[in-house]
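Work through the exercises below with the structure in view. Each task is followed by its solution.

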Amino acid sequence: MMHTEKLALQTVAALQKNRFTAAYFPTAAAAIDQLLSVIPPAATVGIGGSWTLIQLELVEKLEARGNTVLCHHKPGLSPEQILDIRRRQLTCDVFLTSTNAVTQDGRLVNTDATGNRVAAMIFGPKKVIVLAGINKIAASLEEARERIRATAAPANNKRLNRPNPCVETGYCVDCQGPTRLCNVDTVIHKCPPASAIHVWLAGEELGY
């Protein structure tokens, strides 16, 4: 536990050096309490596709207190409604998401299917809050990419019922079919000057 917290605090320091606003929370519950205290009930909140946010029931918590929540993965939405919500997420007050990996030297590494999640992370919303468990910390950029290929991609393909090879192999094989999820790779090396990106690390394993 002491080693885990030390690693998380070192990563937070690296993120801060790279101009992100970063913080460590010993538990996910502590992070959620802080999240709900800094997001005004009147704020419009965009939700990036994230098992971490689903796992923590953040959509339900925000809606219960009156926030307008832009969540494109709710059941029953038409393709046109999903596209509209994704576009509105780009100009929301607060955009919540997780990250596929965060390197120990303070970079955010992601692979996206549509690109709306990473687009909103980089520019557009007034504030971005990235909430990630300690399992997302990677020693290097290559280890972060390996984490995506071996962990995040297969798990997300399985969760979304995509008939891609990694569901069976357990590892990304650079598939070429129309249901491929790994279409956009991004590395945010430093927080862009026109963006306010907050990265919160929780001392628990969250998401994939």
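**Exercise 1.** How do the residues of the lining of the largest pocket divide into nonpolar, polar and charged?

Solution. The model is predicted, with local features needing pLDDT of at least 70 and side-chain atom pairs pLDDT 80 or more, while totals for chains, interfaces and linings use all residues. Residues are numbered from 1 along each chain, and side-chain values use heavy atoms, without hydrogens and water.

Step 1: On a 1 Å grid over the protein atoms alone, a pocket is an open set of points with protein on both sides within 12 Å along at least five of seven lines, a cavity is a set where a 1.4 Å probe fits but cannot get out, and lining residues have an atom within 4 Å of a point. Ala, Val, Leu, Ile, Met, Phe, Trp, Tyr, Cys and Pro are nonpolar, Asp, Glu, Lys and Arg charged, and the others, Gly among them, polar.

Step 2: read the division. The lining has 11 nonpolar, 16 polar and 7 charged residues.

**Exercise 2.** Which element gives the most to the lining of the largest pocket?

Solution. Helices (H or I, at least four residues) and strands (E, at least two) are DSSP runs numbered from the N terminus. Those supplying at least two lining residues include helix H5 (79-89) and strand S6 (108-112). Helix H7 (141-159) is also one of them, and H7 gives the most, with 6 residues.

**Exercise 3.** Which residue types line the largest cavity?

Solution. Among its lining residues are Asn157, Pro165, Asp174 and Arg180. The lining divides into 7 nonpolar, 2 polar and 2 charged residues.
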